[in-house]
Amino acid sequence: MRLNASDSRWAAAAVVLAALGGGLLWRLDDAQRREAFDTQARIAHRLLSQHALQMEAVLATLTLVATGPEQADAARRLPALLPAVRSVQQRTDPQPWPDARLQAAEQASRETRRAVLVRLETAAPRALLLRAGQPSSYALEVDLSQPLREADWPVAPGSAVSVALVPADRPLVWLQQGRSPATVLGRYEARKHLAADSLPVDVVLQQPWSWAELPWLAWALWTLLCAAAMLLVRAGWRQRQARRRAEEWLRLGQVARLNTLGELAAGMAHELNQPLTAVLANTQAAGRLLDEDPPELSTARQAMTQAAAQARRASEVLSRLRQALARPDEPPPSSSLRLDAAARAALDLLAPEAQALGVRPQLQVAPSAAAVRADPVAVEQILHNLLRNALQALAAVPTDERRLTVQVEADARSGHLSVIDSGEGLAPEVAARLFQPFVSTREGGLGLGLSLSESLAQAQGGALTLLPLAERGAGFRLSLPRAEAA
C-alpha cells in the first residue's frame, strides 16, 4: 500500500520520535547498568583491600607475640584458623632464610617497617608476603581468591564480569573470568589501586555487553506507544481539519447565498427595468398623443394597451420571483406553447426599437416546428433578452449590414428557437465566459441577461447555447422539450 505525502510525513515523525525516545531509553538503560557495575566494582575493591589488610595485620601480630612454644604453635595453627593462609614460614635469629628473595624481602621490610610482597603467582592465584620482626620474621602464602568464596562477594559466578589484579611489572592475575558473548559491542571497566601497601596492584573489573543487553523490550513498547500516539494525533488533526473544512464550506455556503441574493436582486432589477421602461415610454407617448389637437385617440389607446401589457409582465416577473423564493424546490408552472407564436409576440413588442435601427427581423418557421412545454413568462423573458441583445449588437454596425433572423424548428425530442444577428460578433475570451454572471460586452451592462436566461431555460428542462457561426455576428439557440415528449 502506497502512502500519500501526508501519511509519509506522519510516519517520518513517528520514526523520528521513536528514534529519539529509543536513544533516551538506551542512555537510561546504559546508565543503570553502568551504575550497577560501578557498585559491584566498589564492593569488590573494598573486600579485596580488606582481605589484604587482614593478612598484613596477621603478619604484624605474629612478629609482635612473644617467642617460645606458644609462638610456634600459633604459626602452625594459623592455616586452620584462616582459610586464606596457605602456609606460614618463620625465621628466627640468627638463622638465615633459605631463599635469597626472602632475605632481600626481609631487608626491604625492615627499611619500610611494613609487610612486602615477595612473589605473586598468576596461576593459583597466590601471593607471598613477608614481615620482618625481632627476633622472628614471618612469610605468609596467601590465597588472593578467598574473598570470592565469601557470601558478600558482589560478582556472581558465571556472570559476565571479570575480576583481575594488575601489577605494575608482572602479568595480570585473574581472580574471576566472566563469560564473554560472541559479539562484544562495548565494555565497562573499573580500575582502582588496592588499599594494602604490601600488594602494589590495581583491582580491575570488566563487563562486556552485546546485542542481548540492549533494551529490546523497552524499545518495542516505546515504538508501539509512538505509533499509537501518532495515530491518535493524526486522527485528532484530521478531525480538526475536517471541522475547519466544514466551517469553511459553511462560510462559503453563506457567501454563496449572499451572492445568490445579490444576483437575484440584480436580475430582478434587470428584468423589471425593461417592462418599466416600456411602460414609461408608452404612457409618455399616450400623453403626447392626447395633447395634440385633435387628440389621436386610437394611437394613444394602443400605447396605453402596450403599457398595460408591460405592467402585467412586470407583475408576472415579481410573482414568479416570489414563488421561487417561497417554494424553491417546486418546479415552475408550465404549459404547452408554440415557439413561433412566442417569437412573434416578442418581435411585436420590440418592433419600435427594431424600426428605430432600420432592422426588419426575419422569422423562419420550419415545417417541423412543434409545441413545447414551458413557462410562458420565462420563455418571454428569454426571447426578450435574446432579441434586445441582438438589437444592441446591430446598433454597432452600419445600417445596411444589420440583419436579424429568428428560426424555429424541432426534432424528435425538443423544439428549438435560434436568434442570429449580423453584429460585430464575440471575442473568443468573452464567448468562453458568456453565460457567467456579470460578464457583459456592453459598456454599463450588468451582464445578467444571458446568465438568467440560461437559468430559466435549465429550469424548464431545456438549454440555452451559443451557436458557432462561420461569419460575423452571434447566434443563440433556445431548446425546450416538446409538448408530446414531456
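User: Does Trp 219 count as buried, partly exposed or exposed?

Analyst: Buried means under 20% relative accessible area, exposed over 50%, and partly exposed in between, with a 1.4 Å probe and protein chains only. Trp 219 has 22% relative accessibility and therefore counts as partly exposed. This is a predicted model, in which local features need pLDDT of at least 70 and side-chain atom pairs count only at pLDDT 80 or more, while totals for chains, interfaces and linings use all residues. Residues are numbered from 1 along each chain as its sequence is written, and side-chain values use heavy atoms, with hydrogens and water left out.

User: How is a pair of aromatic rings described?

Analyst: A pair is described by the distance of the centres and the angle of the planes. Rings of Phe, Tyr and Trp (its six-membered ring) pair if their centres lie within 6.5 Å; planes under 30 degrees apart count as stacked, over 60 as edge-to-face and the rest as tilted. The count here comes to three aromatic pairs. One of them is the tilted pair of Phe 37 and Tyr 188, at 6.1 Å centre to centre and 35° between the planes.

User: Which parts does the pair of Phe 37 and Tyr 188 tie together?

Analyst: Helices (H or I, at least four residues) and strands (E, at least two) are DSSP runs, numbered from the N terminus. Phe 37 lies in helix H1 (residues 5-64) and Tyr 188 in strand E7 (residues 186-193), so the pair links parts 151 residues apart in sequence. Phe 37 is buried at 1% relative accessible area, and Tyr 188 is buried at 4%.
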